[in-house]
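Please open the structure in a viewer and follow the stops below in order. Each stop names a selection and then states what is found there.

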Amino acid sequence: MLAIVLSIICAAPAPALALAARAESAMVDKGAALAGYSLTLEVESRWFASGEAEIPEGPPAFAALRSDRLELRLDGSEARRKVHVATPDGGVVDYQEQLGGGDAAEARAFERTLGMFAPWLMAQITSKRFTVKATPKLALDGRKLPALAVKTPDGLLTVAFDPDTGLPLVVRRVVSHPLRGRRMYELRYTEWRSAGPLRVPKAWTTSLGGEAIAYSTVRDASAVKARATSGKPSDAPPAAAEADIVRAMLAPTGGEVGARQWQRVSVAEGVDRLSGRAGDILVVEMRDHLVVFDAPCAGACADAALAELRRAYPKKPVRTLVLSHHHDARALGLLAFALAVDQIIVAAGARAWTEKLLQRLPKKRRPVVLDVAPQRAITDGTRVVRLTRLVDHPHASTLIMGYVQDAKVLWAVDVAVGRDHPLHFDWNERLSRAERSLGVGASALVVDGRGSVAPHTPLASVR
Ligand SMILES: [Zn+2]
């Protein structure tokens, strides 16, 4: 009797693992294992919007055509992604990312989005790299789908399966963003195709907070048996991305860059920059307070920056935060800094957005929001900091530059418009005019917010 009971228990795998095993057998030829393959995919995606589009006065939804070349070892030991983005206004962004590359935060962000890609995810489950447990069925379009909770190094995912085919249908993750709160990020697979011995998704919809933000289609897919892992680090170039809009889409959780040490570096008399891995913060000393430019990170990272400011300037509280623009890489720490300052200055196009975010703070702790439309000056009677808005700039609708007149320091973040952009010459001309309106001239220093301080040079197209 005992033997019979035991054999029943042993013969019946846990329901969660049975679901995963069924999905694997639906995705790979008999006798093979997902984790034994490398997969190369050419993916084309049309992105409609991102969190960036939440600015009512900003451009309509951000729209871009993005091509990704994904190379994944399904055992999870290597992955890289080359991305090419074309925006409707003619802008182009190219970058690549690599799992296990130099930057841990970058690699985590990559793994977070990659981790939702069904073949890779299922390979991690069936090779027991990620653990699973059963979860209540997921109701979707009037159907009840069997589902799994998957524990990944970066949080919990829910995967629901098509009861007819056994294939993954939906992968969900709850993401939390320091400015936008908690929202559901979802991939829903709508079509599958063959790639050698594997079945891989052919089309899927990405949505955030219940709203579709992208449709993706696989143009080409191939799978080969993975060679044995060499254990040597890959020779691909380290991750280098210069597109905060795109990055915000890729990594909507964005904020947890963690505690970072900030380094204070002098730029000019009474002007320093706090330099950290999230980017630079410009610190301008006024007579009895500080004006800072940008809040590039939230959480412990922002707390550490504010603590460093208190330590380094004990007699000068931070009174004013100026945001060069609203992108994550500049504004993630907005709420943390808001609790420390009396006023926040943003471009006219970002005022309503900023005020709406500040409503999350207790009424008494909300700083005043002032805008730059199109110019403003901050002064303590001696020092003058001039601000100007760059209206219709292709990088962001909310860009402003700042200039500390006596110290001749220009804070200019993401303002360069590349040579490959159709508006390159037009914008060089406009930037020159904007600089002249601030009083920028010979011997000024340009601080770009990304670690570079360079002597000001007149822009090439000034003819
Ligand atoms: Zn930006």
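**Hairpin and sheet**

Select β2 and β3 to begin: these strands form a hairpin with five residues between them, and G76 in the turn has a positive phi of about 85°. The model is predicted, so local features need pLDDT of at least 70 and side-chain atom pairs count only at pLDDT 80 or more, while totals for chains, interfaces and linings use all residues. Residues are numbered from 1 along each chain as its sequence is written. Strands (E, at least two residues) and helices (H or I, at least four) are DSSP runs, numbered from the N terminus.

Next, display residues 79-86, strand β3, which is antiparallel to β2 and joined to it by eight bridges; strands pair if DSSP finds at least two bridges between them.

Now centre on R69 in β2. Which residues flank R69 on the neighbouring strands? E42 stands opposite R69, and K82 is the bridge partner of R69 in β3.

**Helix pair**

Move to α2 (residues 15-27) and α4 (residues 118-126), which pack at an angle of about 130° with axes 10 Å apart. Axes are lines fitted to C-alpha atoms over the stretch in contact, and angles run from 0 to 180 degrees between N-to-C directions. The angle makes α2 oblique to α4 (under 35 degrees is roughly parallel, over 145 roughly antiparallel, 65 to 115 roughly perpendicular, the rest oblique).

Finally, select A20, A21, A23, E24 and M27 in α2, which meet P119, M122, I125 and T126 in α4 (C-beta atoms, placed from the backbone, within 7 Å).

Definitions and conventions
Two residues are in contact if their C-beta atoms, placed from the backbone, lie within 7 Å.
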